[in-house]
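The sequence and coordinates come first, and the description follows.

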Amino acid sequence: MKRKPLAGICLCLCLFASLVTTAVFAQSTPVQSPDRDQPNSPGQPSPALPAKSVAPDFPDAPSHTASQSEVPVSKRQPKRILGVMPNYRAVSAGAIPPPPTPKQAFKIATQNSFDYSSFIFVGITSLLAESSNAHPQLGKGIGGYGGYYWRGFLDKTDGNYLVIFALPTVLHEDERFYAKGEGAIWKRGIYAASRILITPDYRGHNTFNASEVFGRAMAQGISTAYYPSHDRTAGALAVKYGWAMGRDALTNTFREFWPDIATHVLHRHP
């Protein structure tokens, strides 16, 4: 069966991400809350405290946080990678923005779904799926490619709104990818891949990434409404779910190293 190698790869990717979760949590450093109980002079009102961004407690987090404009150009995360991969969820290394509001999360999900690069990216993945005959019932050629394209676009779009906007808003999770940007290659790789299981909450503390895990599962459930009957079995859905999780882990890893690839290999700005 053609699905067996794919199922094995997806299972290994998810197992790998699960195994590294314990190591990442063990290295996490709790964020200390600022002392707000400062004494005031008699008769003077308490000064208003400015809102502060809370740094997510990922391993080896930098002691100084910067705005996007303060991040060196060679470490910045672009909005699109090579013009064909939407990258609106990525936050440049060292930049710690405040937690996203529901409106901001909705905007990120919309940009990730309807930016012109999203249509190009879905076109590429649909071409690969059609050429490998991933879903035989959809057929081949122009007609088959069209069937792959609109289904792939729906997969991507409903997944984005569930994982980036709907569930994070309810669960108070920040689904942006915070690039690490420095440290050993293997540590950065483990950090990036494990973000499908770990994400900061609105207070900057690492928590189980329920939005990703359950959002992707819900998206697979929705897909049963528009995929052929052969692809609606429990086994087929499990394979697609494993592929979606593994793809996100690989995408995060690519995001993490893209500024280095662009700067040192392609000799260009990210």
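## Contacts, cores and charged pairs

Leaving aside neighbours within four places in sequence, Leu 82 is in contact (heavy atoms within 4.5 Å) with Trp 258 and Arg 268. The C-alpha atoms of Leu 82 and Trp 258 are separated by 9.9 Å, although the two residues are 176 residues apart along the chain. Leu 82 itself lies in the loop between β1 (80–81) and β2 (85–86), where helices (H or I, at least four residues) and strands (E, at least two) are DSSP runs numbered from the N terminus.

The model is predicted, so that local features need pLDDT of at least 70 and side-chain atom pairs count only at pLDDT 80 or more, while totals for chains, interfaces and linings use all residues. Residues are numbered from 1 along each chain as its sequence is written, and side-chain values use heavy atoms, with hydrogens and water left out.

By the rule that a salt bridge is a side-chain nitrogen of Lys or Arg within 4 Å of a carboxyl oxygen of Asp or Glu, the count comes to nine salt bridges.

| Pair | N to O distance |
|---|---|
| Arg 80 and Asp 115 | 2.8 Å |
| Arg 216 and Glu 212 | 3.4 Å |
| Asp 248 and Arg 216 | 2.8 Å |

Arg 80 lies in strand β1 and Asp 115 in the loop between α2 and α3, so this pair ties together parts that are 35 residues apart in sequence. With buried meaning under 20% relative accessible area, exposed over 50% and partly exposed in between (1.4 Å probe, protein chains only), Arg 80 counts as partly exposed at 29%, whereas Asp 115 is buried at 10%.

Arg 216 and Glu 212 both lie in helix α6 (residues 210–223), four residues apart, which is about one turn of the helix. Arg 216 counts as buried at 6% relative accessibility, and Glu 212 is likewise buried, at 2%. Salt bridges that share partners join Glu 212, Arg 216, Arg 247 and Asp 248 into one network.

Helix α2 (residues 102–114) and helix α3 (residues 116–131) pack at an angle of about 50 degrees, with their axes 5 Å apart; the axes are lines fitted to C-alpha atoms, for helices over the stretch in contact, and angles run from 0 to 180 degrees between N-to-C directions. The two helices are therefore oblique to each other, given that angles under 35 degrees count as roughly parallel, over 145 as roughly antiparallel, 65 to 115 as roughly perpendicular and the rest as oblique. In this contact, Gln 111, Asn 112, Ser 113 and Phe 114 of α2 meet Tyr 116, Ser 118 and Phe 119 of α3.

A nonpolar core is a set of buried Ala, Val, Leu, Ile, Met, Phe, Trp, Tyr and Cys residues joined through side-chain atoms within 4.5 Å. The largest such core has ten residues, including Val 71, Phe 177 and Tyr 191, and the elements that give two or more residues to this core are β4 (177–178) and α5 (185–193).
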